[in-house]
Amino acid sequence: MAQKYQAVKGMNDVLPAESYQWEFFEGKLRELLADYGYQNIRTPIVETTPLFVRAIGEVTDVVEKEMYTFIDSLNGDSLTLRPEGTAGTLRAVVEHNLLYNATQKLWYMGPMFRHERPQKGRYRQFHQMGVEALGFGGPDIDAEIIAMTADLWRRLGLSQYVRLEINSLGNQEERAAHRQALIAYLEQHVDVLDEDGKRRMYSNPLRVLDTKNPALQQMANEAPKLSDYLGEASRAHYEGWKAMIRELGVDFVENPRLVRGLDYYNQSVFEWVTSELGAQGTICAGGRYDGLIEQLGGKPAAGIGFGMGLERVVLLLQDKQLLPAQRSVDIYLVNQGEGAALYAMKLAQNLRAAGLSVVQHLGEGSFKSQMKKADGSGAQFAVIVGENEIKTGQAVIKALRAEMDQHTVAAEAVAATLISLKA
Ligand code: ATP
Ligand code: MG
């Protein structure tokens, strides 16, 4: 026997039994984004490596150890499979000058790649939907983004399983002052730091506080708080944001430890978290990044966005049984005898043109076995044609999920009859 092949570890197939669940969820996302005036942007899955290093930051888990980076053997360029969507989106915005006299509300959806240890809710190819709202200083857009994500959970029936955590990171100077105090504090506690902490205490001290190591929790809890370093303008931005979220009726908790680790975040940051998925509890995370567009070569412009981990939301929807039953076709078209296949195929085209969905039985098969398939297909009706019906120019309609007499009708009348029976 020839060798069989397997998918790459941590990269999953989505089979038909599940793909309809994804389609349902993605449909809800598209409706939501349209309702809030976001436009779709599609960028390549591969970008040059320096873009990600610059945008995400050199001293981050993603850049340090999670990127799929390779050399393009044809020209020696270093390329990387995108680990997130913001860098590519902003690269495209700057490259195509989309902020010239304009603001942008953009969304993307698609696969992302990170070399992590695969486990429930954590994969090497996973999918994100993300938005980037560019050219808006806030805090109104910051609040609208919270309202939009809260609206999504409501539409999906997930509101009771998720909670919102927010924080403010202030501006550059405030973070710099806090950073100095934090480094001084970490130097005093260097004996308790783990290896990651020691390595990052000078390069990315905020990230040290973002640790998941239980032994470091107390040290992190007692560290100087960024909130004590915020100036008047930052405080006003944060208070304005919170007031609007409150008015909109969205519950939240303030988490002073929420730092999102990356250098470019400022002011508003947030995470939607669930306790229903074990350790992989963050389903949507984002914040403001007012300096990033400039860092990527654009004219200075405000920005805020988030990324949503779609696998984790699908897991939650499955767990809470919030997904509809698999969609099936309206009609299974049973056909047998001389000339029946072609007669049925023309009839099927007619029915589809009238807005009905049809699976035609293809190939050989007795009436009995075809009716069995019709039943198994989940179709509402069987439409049956044999040599008799071809002679008389008719077809037989049989309901598969309801008590109803069989109808024999002219071929041209099948669509109209089915539509009235469906109603
Ligand atoms: P985590 O702390 O779980 O590693 P992160 O901070 O690395 O998350 P972000 O870069 O903020 O994650 O990405 C946004 C969202 O994408 C996450 O909140 C999560 O829902 C999802 N996500 C991130 N990495 C993965 C992964 N390897 N597999 C599945 N989903 C992921
Ligand atoms: Mg991660």
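Which residues of α4 are buried? In this predicted model, they are Thr 86, Ala 87, Gly 88, Thr 89, Leu 90, Ala 92 and Val 93. Let's start from this helix and work outwards to the ligand and the rest of the fold.

## Helix α4 and the residue after it

Helix α4 spans residues 86-95, and because seven of its 10 residues are buried, the helix is largely enclosed by the rest of the structure. What do these buried residues pack against? Their partners are the strands β2 (46-48), β5 (104-113) and β6, together with the helices α2 (49-56) and α11 (292-295).

Just after α4 comes Asn 97, with a positive phi of about 60°. Asn 97 sits in the loop between α4 and β5, and its relative accessible area of 51% makes it exposed, because exposed means over 50%. Gln 321 is another non-glycine residue with a positive phi, near 55°. Gln 321 belongs to the loop between α12 (310-319) and β12 (331-335), and at 69% relative accessibility it too counts as exposed.

The backbone has a further feature to look at: a cis peptide bond between Gly 138 and Pro 139, with omega at about 10°. Most peptide bonds, by contrast, are trans. You will find Pro 139 in the loop that runs between β6 and α5.

## The surroundings of ligand 1

Ligand 1 is surrounded by 15 residues, and the closest are Arg 114, Glu 116, Lys 212, Arg 260 and Thr 282. By class, this shell holds six charged, five polar and four nonpolar residues. Which elements supply at least two residues each to the shell? They are β6 (125-134), β10 (282-288) and β11 (303-309). Of the shell, the largest share comes from β10, with three residues.

| Residue | Protein atom | Ligand 1 atom | Distance |
|---|---|---|---|
| Arg 114 | polar side-chain atom | oxygen | 2.8 Å |
| Glu 116 | polar side-chain atom | nitrogen | 2.7 Å |
| Tyr 123 | backbone N or O atom | nitrogen | 2.9 Å |

On its own, ligand 1 has 580 Å² of accessible area, and the protein covers 85% of that.

## Aromatic pairs

How many aromatic pairs does a search of the whole structure find? There are three, and two of them are described here. A pair of aromatic rings is described by the distance of the centres and the angle of the planes.

Trp 153 and Trp 272 have ring centres 5.9 Å apart and planes at 70°, so this pair is edge-to-face. The two partners come from distant parts of the chain, 119 residues apart: Trp 153 is in helix α5 (residues 140-156) and Trp 272 in strand β9 (residues 266-274). Trp 153 counts as buried, at 0% relative accessibility, and Trp 272 is likewise buried, at 4%.

Phe 270 and Phe 306 also make an edge-to-face pair, because their planes stand at 70°, with the ring centres 6.3 Å apart. Since Phe 270 lies in strand β9 and Phe 306 in strand β11, the pair ties together parts that are 36 residues apart in sequence. Both Phe 270 and Phe 306 are buried.

Are Met 219 and His 361 buried or exposed? Met 219, in helix α9 (residues 217-221), has 6% relative accessibility and so counts as buried. Beyond its neighbours up to four places away in sequence, Met 219 touches Tyr 185, Leu 186, His 189, Val 192, Leu 193 and Val 208.

His 361 occupies the loop between β13 (358-360) and α14 (367-376). With a relative accessibility of 4%, His 361 also counts as buried. Apart from neighbours within four places in sequence, the contacts of His 361 are Tyr 332, Leu 333, Asn 335, Gln 370 and Lys 373.

Note on methods
Residues numbered from 1 in each chain as written. Chains lettered and ligands numbered in written order. Predicted model: local features only at pLDDT ≥ 70, side-chain atom pairs only at ≥ 80, totals over all residues. Heavy atoms only, no water. Near = heavy atom within 4 Å. Polar contact = N/O pair within 3.5 Å; in protein donor to acceptor, adjacent residues only side chain to side chain. Areas by Shrake-Rupley, 256 points an atom, 1.4 Å probe, with all protein chains shown as cover. Helix = DSSP H or I, 4+ residues; strand = E, 2+ residues; numbered from the N terminus. Nonpolar A, V, L, I, M, F, W, Y, C, P; charged D, E, K, R; others polar. Buried < 20%, exposed > 50% of the residue type's maximum accessible area, 1.4 Å probe, protein only. Contact = heavy atoms within 4.5 Å. Phe/Tyr/Trp six-rings, centres within 6.5 Å; stacked < 30°, edge-to-face > 60°.
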